[in-house]
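Please open the structure in your viewer and keep the selection tool at hand. The stops below say what to select next and what is to be found there.

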Amino acid sequence: MLGGPERAAATRQPQPYSSRGPFRPYSSRGPFRAAEEHRRGDVMRRIPLLGAAAGFLLTVTTLAQVQPPPAPWRGAGTTPCTGTDGAVYKCVPPPGTTAVRAGRLFDSKSGQMLMRQVVLLSGDRITDVGPEGQIKVPAGAQVIDLSRATVLPGLVDAHTHMFNNRGPKITTEAAMLMAIQNVQADLYAGFTAARDMSSHGNGYGDVEVRNAINEGRIDGPRFQVSTLGIVWGATPPNPSAPANPLASTVVRSADEARAAVREQISRGADWIKLFPAGAYSFTSTGEAQYVVMYPLPVLQALIDETHRLGKKAGCHVYGGEGQKNAIVAGCDTIEHAWGLNQEQADMMVAKKLYYDPTIVRYTEPYMDDVDARNTGGKFRMIPIIQKAVSMAVKTPGLKIMVGSGVDGSTFPHGTQALELVSLVKDTGMTPARAIQSSTLINAEAMGWQDQIGSIDKGKYADLVAVAGDPLSDITELQRVKFVMKGGKVVKN
(Lines give C-alpha, C1' and ligand atoms only; values in the text may rest on other atoms or scores of the structure.)
Protein backbone atom coordinates (compact mmCIF):
# COMPACT_ATOMS: atom_id res chain seq x y z
CA MET A 1 0.00 0.00 0.00
CA LEU A 2 1.27 3.48 -0.75
CA GLY A 3 0.44 6.47 1.33
CA GLY A 4 -3.20 7.02 2.16
CA PRO A 5 -5.02 10.32 2.32
CA GLU A 6 -2.76 13.24 3.04
CA ARG A 7 -3.01 14.00 6.76
CA ALA A 8 -2.58 17.62 7.11
CA ALA A 9 -0.95 17.57 10.70
CA ALA A 10 -8.29 37.73 4.85
CA THR A 11 -7.48 39.69 3.81
CA ARG A 12 -7.17 43.17 5.14
CA GLN A 13 -5.34 45.98 3.45
CA PRO A 14 -2.80 47.96 5.48
CA GLN A 15 -4.29 51.24 6.66
CA PRO A 16 -2.31 54.46 6.97
CA TYR A 17 -2.97 56.95 9.70
CA SER A 18 -4.86 59.97 8.46
CA SER A 19 -5.58 63.33 10.01
CA ARG A 20 -8.59 63.71 7.74
CA GLY A 21 -11.09 61.46 9.46
CA PRO A 22 -11.55 57.73 9.92
CA PHE A 23 -9.25 55.11 8.46
CA ARG A 24 -9.26 54.59 4.74
CA PRO A 25 -7.78 51.53 3.04
CA TYR A 26 -4.24 51.95 1.78
CA SER A 27 -5.45 50.59 -1.54
CA SER A 28 -8.90 49.71 -2.78
CA ARG A 29 -7.30 47.28 -5.18
CA GLY A 30 -5.88 44.85 -2.66
CA PRO A 31 -5.87 41.12 -3.37
CA PHE A 32 -9.27 39.49 -3.32
CA ARG A 33 -10.97 40.06 0.02
CA ALA A 34 -12.38 37.00 1.77
CA ALA A 35 -14.16 36.26 5.01
CA GLU A 36 -11.62 35.48 7.63
CA GLU A 37 -10.88 34.97 11.27
CA HIS A 38 -7.51 36.19 12.45
CA ARG A 39 -5.92 34.25 15.24
CA ARG A 40 -3.56 36.25 17.46
CA GLY A 41 -2.59 34.23 20.53
CA ASP A 42 -5.77 33.37 22.37
CA VAL A 43 -7.79 36.14 20.72
CA MET A 44 -10.22 35.08 18.00
CA ARG A 45 -12.47 37.20 15.86
CA ARG A 46 -15.29 35.18 14.30
CA ILE A 47 -16.80 36.18 10.99
CA PRO A 48 -20.58 35.86 10.84
CA LEU A 49 -22.03 33.82 8.00
CA LEU A 50 -25.15 35.37 6.56
CA GLY A 51 -27.79 33.38 4.70
CA ALA A 52 -28.59 34.29 1.12
CA ALA A 53 -31.78 33.62 -0.79
CA ALA A 54 -29.89 32.31 -3.78
CA GLY A 55 -29.29 29.08 -1.96
CA PHE A 56 -25.80 29.69 -0.70
CA LEU A 57 -24.21 31.71 2.04
CA LEU A 58 -22.13 34.76 1.34
CA THR A 59 -19.33 35.40 3.74
CA VAL A 60 -19.20 38.91 5.09
CA THR A 61 -16.04 40.32 6.59
CA THR A 62 -16.40 42.12 9.88
CA LEU A 63 -13.31 44.21 10.48
CA ALA A 64 -12.45 45.29 13.99
CA GLN A 65 -11.67 48.98 14.11
CA VAL A 66 -7.99 49.48 14.81
CA GLN A 67 -7.43 52.46 17.10
CA PRO A 68 -4.54 54.70 16.03
CA PRO A 69 -2.65 57.14 18.21
CA PRO A 70 -3.90 60.71 17.90
CA ALA A 71 -3.59 62.01 14.34
CA PRO A 72 -1.53 63.45 12.81
CA TRP A 73 1.19 60.84 13.25
CA ARG A 74 3.58 61.83 16.04
CA GLY A 75 5.85 58.81 16.05
CA ALA A 76 9.15 58.19 14.30
CA GLY A 77 9.43 58.87 10.61
CA THR A 78 6.69 59.27 8.04
CA THR A 79 3.10 58.17 8.60
CA PRO A 80 3.12 54.34 8.76
CA CYS A 81 0.59 51.66 7.96
CA THR A 82 -1.12 49.51 10.57
CA GLY A 83 -1.66 45.78 10.33
CA THR A 84 -4.38 43.52 11.61
CA ASP A 85 -2.67 43.28 14.99
CA GLY A 86 -2.71 47.06 15.45
CA ALA A 87 1.07 47.38 15.12
CA VAL A 88 2.53 49.90 12.69
CA TYR A 89 4.99 49.23 9.90
CA LYS A 90 6.48 51.15 7.00
CA CYS A 91 3.98 51.47 4.17
CA VAL A 92 4.91 49.91 0.85
CA PRO A 93 4.89 52.79 -1.64
CA PRO A 94 2.39 52.22 -4.44
CA PRO A 95 3.94 51.65 -7.88
CA GLY A 96 3.70 54.58 -10.27
CA THR A 97 3.19 54.60 -14.04
CA THR A 98 5.28 52.01 -15.85
CA ALA A 99 5.67 50.86 -19.44
CA VAL A 100 6.97 47.38 -20.21
CA ARG A 101 8.37 46.84 -23.70
CA ALA A 102 8.00 43.18 -24.68
CA GLY A 103 9.85 41.68 -27.63
CA ARG A 104 7.42 38.78 -27.51
CA LEU A 105 4.21 38.63 -25.47
CA PHE A 106 2.19 35.48 -24.91
CA ASP A 107 -1.54 36.07 -25.30
CA SER A 108 -3.01 33.38 -23.05
CA LYS A 109 -6.52 33.89 -24.42
CA SER A 110 -5.60 33.00 -28.01
CA GLY A 111 -2.52 30.91 -27.27
CA GLN A 112 -0.56 33.05 -29.73
CA MET A 113 2.75 34.85 -29.40
CA LEU A 114 2.51 38.55 -30.21
CA MET A 115 5.51 40.57 -31.28
CA ARG A 116 6.78 43.99 -30.13
CA GLN A 117 4.11 44.85 -27.59
CA VAL A 118 3.88 47.50 -24.87
CA VAL A 119 2.13 46.99 -21.54
CA LEU A 120 1.17 50.12 -19.59
CA LEU A 121 0.71 49.92 -15.84
CA SER A 122 -0.63 52.33 -13.28
CA GLY A 123 -0.14 51.24 -9.71
CA ASP A 124 -0.88 47.53 -9.48
CA ARG A 125 -3.08 47.31 -12.58
CA ILE A 126 -2.64 47.07 -16.34
CA THR A 127 -4.10 50.13 -18.05
CA ASP A 128 -3.37 49.28 -21.69
CA VAL A 129 -1.60 46.74 -23.88
CA GLY A 130 -0.97 46.64 -27.59
CA PRO A 131 1.55 46.96 -30.43
CA GLU A 132 4.32 49.42 -29.69
CA GLY A 133 3.24 51.65 -32.61
CA GLN A 134 -0.22 52.09 -31.09
CA ILE A 135 0.58 52.54 -27.39
CA LYS A 136 1.85 55.95 -26.29
CA VAL A 137 4.15 55.84 -23.30
CA PRO A 138 3.24 58.71 -20.92
CA ALA A 139 5.91 61.28 -20.18
CA GLY A 140 7.78 60.44 -17.01
CA ALA A 141 6.77 56.79 -16.97
CA GLN A 142 9.33 54.26 -15.89
CA VAL A 143 10.26 52.07 -18.87
CA ILE A 144 11.24 48.44 -18.38
CA ASP A 145 12.95 47.13 -21.49
CA LEU A 146 12.17 43.48 -22.13
CA SER A 147 12.40 43.89 -25.88
CA ARG A 148 14.72 40.88 -26.17
CA ALA A 149 12.61 38.67 -23.93
CA THR A 150 9.26 36.87 -23.84
CA VAL A 151 6.69 38.33 -21.46
CA LEU A 152 3.92 36.11 -20.08
CA PRO A 153 1.16 36.44 -17.50
CA GLY A 154 2.29 35.46 -14.04
CA LEU A 155 2.11 31.69 -13.66
CA VAL A 156 -0.30 30.05 -11.23
CA ASP A 157 0.36 26.85 -9.26
CA ALA A 158 -2.98 25.33 -8.35
CA HIS A 159 -1.70 22.77 -5.84
CA THR A 160 0.96 23.80 -3.35
CA HIS A 161 1.71 23.12 0.29
CA MET A 162 3.44 26.20 1.64
CA PHE A 163 4.13 24.34 4.90
CA ASN A 164 6.38 21.30 4.95
CA ASN A 165 4.99 18.23 6.69
CA ARG A 166 5.06 19.02 10.41
CA GLY A 167 7.52 16.72 12.15
CA PRO A 168 7.41 16.10 15.92
CA LYS A 169 10.52 18.21 16.55
CA ILE A 170 9.50 21.18 14.39
CA THR A 171 8.37 24.21 16.32
CA THR A 172 5.60 26.50 15.15
CA GLU A 173 8.13 29.27 14.64
CA ALA A 174 10.45 27.10 12.55
CA ALA A 175 7.53 25.81 10.47
CA MET A 176 6.42 29.36 9.73
CA LEU A 177 9.91 30.45 8.65
CA MET A 178 10.13 27.48 6.31
CA ALA A 179 6.73 28.33 4.85
CA ILE A 180 7.85 31.90 4.17
CA GLN A 181 10.97 30.60 2.44
CA ASN A 182 8.78 28.30 0.33
CA VAL A 183 6.31 30.93 -0.82
CA GLN A 184 9.10 33.32 -1.73
CA ALA A 185 10.82 30.62 -3.76
CA ASP A 186 7.55 30.11 -5.64
CA LEU A 187 7.20 33.81 -6.37
CA TYR A 188 10.77 34.20 -7.58
CA ALA A 189 10.21 31.23 -9.90
CA GLY A 190 7.43 33.16 -11.64
CA PHE A 191 4.37 31.86 -9.79
CA THR A 192 2.57 35.05 -8.84
CA ALA A 193 -0.54 33.22 -7.62
CA ALA A 194 -1.18 29.86 -6.03
CA ARG A 195 -3.72 27.65 -4.31
CA ASP A 196 -2.55 25.95 -1.14
CA MET A 197 -4.12 22.55 -0.60
CA SER A 198 -3.73 21.94 3.16
CA SER A 199 -1.32 23.12 5.79
CA HIS A 200 0.20 19.69 6.54
CA GLY A 201 -0.29 19.68 10.27
CA ASN A 202 0.20 23.41 10.74
CA GLY A 203 -3.36 24.37 11.57
CA TYR A 204 -4.47 27.72 10.20
CA GLY A 205 -0.93 28.93 9.57
CA ASP A 206 -1.65 29.22 5.85
CA VAL A 207 -4.30 31.84 6.61
CA GLU A 208 -1.69 33.90 8.45
CA VAL A 209 0.83 33.64 5.60
CA ARG A 210 -1.83 34.59 3.06
CA ASN A 211 -2.84 37.61 5.12
CA ALA A 212 0.76 38.72 5.64
CA ILE A 213 1.31 38.63 1.88
CA ASN A 214 -1.88 40.56 1.22
CA GLU A 215 -0.90 43.20 3.77
CA GLY A 216 2.46 43.65 2.08
CA ARG A 217 4.45 42.42 5.06
CA ILE A 218 6.20 39.69 3.06
CA ASP A 219 6.58 38.89 -0.62
CA GLY A 220 4.72 35.87 -1.96
CA PRO A 221 2.13 34.78 -4.51
CA ARG A 222 -1.53 35.72 -4.27
CA PHE A 223 -2.90 32.80 -2.31
CA GLN A 224 -6.09 30.88 -1.80
CA VAL A 225 -5.80 28.45 1.11
CA SER A 226 -7.60 25.34 2.34
CA THR A 227 -6.34 25.16 5.96
CA LEU A 228 -6.60 21.77 7.70
CA GLY A 229 -8.56 19.58 5.31
CA ILE A 230 -11.26 17.10 6.38
CA VAL A 231 -10.77 13.33 6.61
CA TRP A 232 -13.03 10.37 7.41
CA GLY A 233 -12.89 8.64 10.78
CA ALA A 234 -13.63 4.98 10.17
CA THR A 235 -13.35 4.10 13.87
CA PRO A 236 -14.84 5.78 16.97
CA PRO A 237 -12.74 8.44 18.67
CA ASN A 238 -10.21 7.25 21.23
CA PRO A 239 -10.44 9.32 24.44
CA SER A 240 -6.88 8.37 25.35
CA ALA A 241 -5.58 9.78 22.04
CA PRO A 242 -7.24 13.16 21.48
CA ALA A 243 -7.24 14.60 17.97
CA ASN A 244 -4.40 16.91 16.97
CA PRO A 245 -6.04 20.35 16.53
CA LEU A 246 -3.40 21.30 13.94
CA ALA A 247 -4.04 18.26 11.74
CA SER A 248 -6.92 17.43 9.41
CA THR A 249 -10.37 17.51 10.99
CA VAL A 250 -11.78 14.00 11.47
CA VAL A 251 -15.53 13.55 10.85
CA ARG A 252 -17.74 10.49 11.39
CA SER A 253 -21.16 11.65 10.17
CA ALA A 254 -22.81 14.04 7.74
CA ASP A 255 -23.62 16.45 10.56
CA GLU A 256 -20.00 16.48 11.72
CA ALA A 257 -18.94 16.97 8.11
CA ARG A 258 -21.10 20.06 7.65
CA ALA A 259 -19.93 21.48 10.98
CA ALA A 260 -16.28 20.99 9.99
CA VAL A 261 -16.83 22.85 6.73
CA ARG A 262 -18.45 25.75 8.56
CA GLU A 263 -15.64 25.91 11.08
CA GLN A 264 -12.84 25.95 8.52
CA ILE A 265 -14.52 28.58 6.37
CA SER A 266 -15.18 30.76 9.42
CA ARG A 267 -11.48 30.51 10.22
CA GLY A 268 -10.41 31.77 6.80
CA ALA A 269 -10.44 28.82 4.38
CA ASP A 270 -10.94 29.74 0.71
CA TRP A 271 -11.22 26.07 -0.27
CA ILE A 272 -12.21 22.87 1.52
CA LYS A 273 -9.73 20.03 0.98
CA LEU A 274 -11.33 16.57 0.93
CA PHE A 275 -9.99 13.02 0.64
CA PRO A 276 -12.57 10.72 -1.00
CA ALA A 277 -10.13 8.01 -2.16
CA GLY A 278 -7.03 6.92 -0.32
CA ALA A 279 -4.29 4.32 -0.59
CA TYR A 280 -3.80 1.93 -3.50
CA SER A 281 -2.65 -1.64 -3.95
CA PHE A 282 -2.54 -4.19 -6.75
CA THR A 283 -4.52 -7.39 -7.12
CA SER A 284 -2.74 -10.63 -8.00
CA THR A 285 -3.45 -9.88 -11.67
CA GLY A 286 -2.04 -6.34 -11.52
CA GLU A 287 -5.30 -4.41 -11.33
CA ALA A 288 -5.01 -1.26 -9.23
CA GLN A 289 -7.50 -0.95 -6.38
CA TYR A 290 -8.14 2.03 -4.16
CA VAL A 291 -9.54 2.58 -0.68
CA VAL A 292 -12.87 4.42 -0.48
CA MET A 293 -12.90 6.94 2.34
CA TYR A 294 -16.15 8.83 3.06
CA PRO A 295 -19.53 7.21 2.47
CA LEU A 296 -21.13 8.99 -0.48
CA PRO A 297 -23.82 10.77 1.65
CA VAL A 298 -21.09 12.23 3.86
CA LEU A 299 -19.05 13.35 0.84
CA GLN A 300 -22.16 14.92 -0.67
CA ALA A 301 -22.84 16.76 2.59
CA LEU A 302 -19.28 18.09 2.65
CA ILE A 303 -19.46 19.42 -0.89
CA ASP A 304 -23.00 20.76 -0.60
CA GLU A 305 -22.17 22.68 2.58
CA THR A 306 -19.03 24.09 0.96
CA HIS A 307 -21.05 25.32 -2.01
CA ARG A 308 -23.80 26.66 0.24
CA LEU A 309 -21.21 28.89 1.87
CA GLY A 310 -20.00 30.17 -1.48
CA LYS A 311 -16.70 28.24 -1.49
CA LYS A 312 -15.22 25.40 -3.54
CA ALA A 313 -13.92 21.93 -2.73
CA GLY A 314 -10.80 20.19 -4.01
CA CYS A 315 -10.77 16.38 -3.79
CA HIS A 316 -7.64 14.29 -3.30
CA VAL A 317 -8.34 11.01 -5.08
CA TYR A 318 -6.27 8.22 -6.57
CA GLY A 319 -8.96 6.18 -8.32
CA GLY A 320 -11.79 3.70 -7.99
CA GLU A 321 -15.18 4.18 -6.41
CA GLY A 322 -14.05 7.02 -4.17
CA GLN A 323 -12.84 8.92 -7.21
CA LYS A 324 -16.12 8.35 -9.02
CA ASN A 325 -17.99 9.49 -5.91
CA ALA A 326 -16.06 12.77 -5.96
CA ILE A 327 -17.13 13.37 -9.54
CA VAL A 328 -20.75 12.37 -8.92
CA ALA A 329 -20.91 14.62 -5.84
CA GLY A 330 -19.61 17.57 -7.88
CA CYS A 331 -16.23 18.25 -6.30
CA ASP A 332 -14.94 21.35 -8.08
CA THR A 333 -11.40 20.10 -8.73
CA ILE A 334 -10.32 16.48 -9.00
CA GLU A 335 -6.75 16.20 -7.74
CA HIS A 336 -4.31 13.48 -8.93
CA ALA A 337 -6.87 10.90 -10.19
CA TRP A 338 -4.33 8.27 -11.20
CA GLY A 339 -7.01 5.80 -12.24
CA LEU A 340 -9.01 8.28 -14.32
CA ASN A 341 -10.84 6.57 -17.19
CA GLN A 342 -12.68 7.94 -20.19
CA GLU A 343 -16.12 7.55 -18.64
CA GLN A 344 -15.08 9.60 -15.61
CA ALA A 345 -13.34 12.20 -17.77
CA ASP A 346 -16.51 12.63 -19.82
CA MET A 347 -18.54 12.99 -16.60
CA MET A 348 -16.17 15.75 -15.50
CA VAL A 349 -16.69 17.59 -18.77
CA ALA A 350 -20.46 17.32 -18.42
CA LYS A 351 -20.36 18.58 -14.82
CA LYS A 352 -17.79 21.31 -15.67
CA LEU A 353 -15.25 20.04 -13.15
CA TYR A 354 -11.51 20.66 -13.37
CA TYR A 355 -8.72 18.07 -13.43
CA ASP A 356 -5.44 18.77 -11.62
CA PRO A 357 -3.09 15.86 -12.43
CA THR A 358 0.08 16.84 -10.45
CA ILE A 359 1.96 14.45 -12.71
CA VAL A 360 5.58 15.14 -11.67
CA ARG A 361 4.94 14.60 -7.97
CA TYR A 362 3.70 11.07 -8.59
CA THR A 363 6.02 9.87 -11.33
CA GLU A 364 9.23 10.27 -9.37
CA PRO A 365 11.52 7.29 -8.63
CA TYR A 366 10.19 6.75 -5.11
CA MET A 367 6.92 5.53 -6.65
CA ASP A 368 8.73 2.71 -8.43
CA ASP A 369 10.69 1.95 -5.28
CA VAL A 370 7.48 1.48 -3.29
CA ASP A 371 5.84 -0.60 -6.01
CA ALA A 372 8.90 -2.80 -6.33
CA ARG A 373 8.90 -3.38 -2.59
CA ASN A 374 5.17 -4.14 -2.39
CA THR A 375 4.78 -6.22 -5.56
CA GLY A 376 8.19 -7.79 -5.99
CA GLY A 377 8.68 -5.71 -9.12
CA LYS A 378 5.61 -7.10 -10.88
CA PHE A 379 3.44 -3.98 -11.12
CA ARG A 380 3.95 -0.21 -11.42
CA MET A 381 1.64 2.75 -10.86
CA ILE A 382 3.60 5.29 -12.93
CA PRO A 383 2.45 3.95 -16.36
CA ILE A 384 -1.15 4.02 -15.11
CA ILE A 385 -0.78 7.68 -14.12
CA GLN A 386 0.85 8.65 -17.42
CA LYS A 387 -1.87 6.87 -19.39
CA ALA A 388 -4.61 8.65 -17.41
CA VAL A 389 -3.15 12.12 -17.95
CA SER A 390 -2.49 11.48 -21.65
CA MET A 391 -6.10 10.34 -22.04
CA ALA A 392 -7.31 13.46 -20.22
CA VAL A 393 -5.28 15.71 -22.51
CA LYS A 394 -7.07 14.16 -25.51
CA THR A 395 -10.54 14.50 -23.97
CA PRO A 396 -12.42 17.38 -25.66
CA GLY A 397 -13.63 20.02 -23.25
CA LEU A 398 -11.79 18.74 -20.16
CA LYS A 399 -10.18 21.66 -18.35
CA ILE A 400 -6.77 20.60 -17.12
CA MET A 401 -5.06 22.63 -14.43
CA VAL A 402 -1.39 22.91 -13.54
CA GLY A 403 -0.66 22.00 -9.93
CA SER A 404 2.63 20.74 -8.59
CA GLY A 405 2.01 19.38 -5.11
CA VAL A 406 5.31 20.88 -3.92
CA ASP A 407 5.64 20.13 -0.24
CA GLY A 408 9.27 20.28 0.77
CA SER A 409 9.91 16.59 0.17
CA THR A 410 10.50 15.16 -3.33
CA PHE A 411 9.39 18.27 -5.25
CA PRO A 412 11.12 21.47 -4.05
CA HIS A 413 9.42 24.83 -4.05
CA GLY A 414 10.60 27.06 -6.87
CA THR A 415 10.88 24.22 -9.42
CA GLN A 416 7.19 23.92 -10.36
CA ALA A 417 7.79 24.76 -14.03
CA LEU A 418 8.80 21.09 -14.28
CA GLU A 419 5.06 20.35 -14.21
CA LEU A 420 4.54 22.23 -17.47
CA VAL A 421 7.56 20.50 -18.99
CA SER A 422 6.15 17.09 -18.08
CA LEU A 423 2.70 17.90 -19.47
CA VAL A 424 4.31 18.79 -22.80
CA LYS A 425 6.94 16.08 -23.02
CA ASP A 426 5.11 13.16 -21.37
CA THR A 427 1.42 13.62 -22.26
CA GLY A 428 1.32 15.36 -25.64
CA MET A 429 -0.03 18.70 -24.44
CA THR A 430 1.14 21.61 -26.60
CA PRO A 431 3.33 24.29 -24.97
CA ALA A 432 0.68 26.95 -25.59
CA ARG A 433 -2.02 24.86 -23.91
CA ALA A 434 0.24 24.06 -20.96
CA ILE A 435 0.87 27.77 -20.39
CA GLN A 436 -2.85 28.48 -20.76
CA SER A 437 -3.54 25.82 -18.13
CA SER A 438 -1.10 27.48 -15.73
CA THR A 439 -2.60 30.92 -16.33
CA LEU A 440 -6.17 31.19 -17.64
CA ILE A 441 -7.49 27.76 -16.62
CA ASN A 442 -6.06 27.96 -13.11
CA ALA A 443 -7.37 31.49 -12.69
CA GLU A 444 -10.82 30.36 -13.83
CA ALA A 445 -10.87 27.37 -11.48
CA MET A 446 -9.98 29.71 -8.61
CA GLY A 447 -12.61 32.28 -9.58
CA TRP A 448 -9.97 34.91 -10.34
CA GLN A 449 -10.33 34.98 -14.11
CA ASP A 450 -11.26 38.69 -14.00
CA GLN A 451 -8.12 39.55 -12.03
CA ILE A 452 -5.24 37.39 -13.29
CA GLY A 453 -4.42 34.81 -15.95
CA SER A 454 -3.90 37.08 -18.95
CA ILE A 455 -2.24 40.37 -19.80
CA ASP A 456 -5.33 42.52 -20.17
CA LYS A 457 -6.48 45.99 -19.25
CA GLY A 458 -7.86 46.13 -15.74
CA LYS A 459 -6.16 43.00 -14.48
CA TYR A 460 -3.36 42.87 -11.95
CA ALA A 461 0.06 43.70 -13.34
CA ASP A 462 1.45 40.20 -12.75
CA LEU A 463 4.11 39.56 -15.39
CA VAL A 464 7.04 37.21 -15.88
CA ALA A 465 9.71 37.10 -18.56
CA VAL A 466 12.10 34.51 -19.97
CA ALA A 467 14.97 34.95 -22.41
CA GLY A 468 13.80 32.51 -25.07
CA ASP A 469 10.52 31.36 -26.60
CA PRO A 470 8.65 28.84 -24.41
CA LEU A 471 6.44 27.84 -27.34
CA SER A 472 9.58 26.44 -28.96
CA ASP A 473 11.20 25.24 -25.74
CA ILE A 474 8.89 24.84 -22.76
CA THR A 475 11.91 24.42 -20.47
CA GLU A 476 12.43 28.18 -20.75
CA LEU A 477 9.87 28.48 -17.95
CA GLN A 478 12.39 26.82 -15.65
CA ARG A 479 14.58 29.88 -16.13
CA VAL A 480 12.35 32.85 -15.33
CA LYS A 481 14.47 36.01 -15.34
CA PHE A 482 11.94 38.69 -14.45
CA VAL A 483 8.96 38.68 -12.08
CA MET A 484 6.49 41.48 -11.41
CA LYS A 485 3.56 41.13 -9.06
CA GLY A 486 0.99 43.92 -8.84
CA GLY A 487 3.32 46.37 -10.60
CA LYS A 488 6.16 45.68 -8.18
CA VAL A 489 9.31 44.13 -9.62
CA VAL A 490 10.38 41.33 -7.30
CA LYS A 491 12.99 39.76 -9.56
CA ASN A 492 14.98 41.37 -12.36
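Begin by selecting E305, which is buried, with a relative accessible area of 5%. In this predicted model, the side chain of E305 meets that of R308 in a salt bridge, at 2.8 Å from N to O. R308 itself counts as partly exposed, at 31% relative accessibility. Both residues belong to helix α4 (residues 296-308), and because they are three residues apart there, about one helical turn separates them.

Next, select E263 and R267. Their side chains also meet in a salt bridge, with an N to O distance of 2.9 Å. Which of the two is buried? R267 is buried, its relative accessible area being 8%, whereas E263 counts as partly exposed at 29%.

Now move to D255, in helix α3 (residues 254-266). D255 has a relative accessible area of 53%; a value over 50% counts as exposed, and D255 is therefore exposed.

Select D219, in the loop between α2 (205-215) and β14 (222-225), together with K488, in strand β26 (residues 488-491); 269 residues separate the pair. Their side chains form a salt bridge of 3.0 Å, N to O. D219 is partly exposed at 24% relative accessibility, and K488 is likewise partly exposed, at 36%.

How many salt bridges does the structure hold? The count is 18. To view a network of salt bridges, select D85, E215 and R217, which are linked in this way.

For contrast, select D107, in strand β8 (residues 97-107). D107 is buried yet has no salt bridge. The nearest side chain of opposite charge belongs to K109, 4.9 Å away, and a salt bridge requires a nitrogen-to-oxygen distance within 4 Å. Leaving aside residues up to four places away in sequence, D107 touches Q112 and L114.

Finally, display helix α8 (residues 382-394) and helix α9 (residues 417-427), which pack at an angle of about 85 degrees with their axes 10 Å apart. The angle therefore makes α8 roughly perpendicular to α9. To see the contact, select V389, S390, V393 and K394 on α8, and L423, D426 and T427 on α9. These contact residues comprise three nonpolar, two polar and two charged.

Terms used
Residues are numbered from 1 along each chain as its sequence is written. This is a predicted model: local features need pLDDT of at least 70, side-chain atom pairs count only at pLDDT 80 or more; totals for chains, interfaces and linings use all residues. Side-chain values use heavy atoms; hydrogens and water are left out. Axes are lines fitted to C-alpha atoms, for helices over the stretch in contact, and angles run from 0 to 180 degrees between N-to-C directions. Helices (H or I, at least four residues) and strands (E, at least two) are DSSP runs, numbered from the N terminus. Angles under 35 degrees count as roughly parallel, over 145 as roughly antiparallel, 65 to 115 as roughly perpendicular and the rest as oblique. Contact means heavy atoms within 4.5 Å. Ala, Val, Leu, Ile, Met, Phe, Trp, Tyr, Cys and Pro count as nonpolar, Asp, Glu, Lys and Arg as charged, and the others, Gly among them, as polar. Buried means under 20% relative accessible area, exposed over 50%, partly exposed in between (1.4 Å probe, protein chains only). Lys and Arg count as positive and Asp and Glu as negative; His and the chain ends are not counted.
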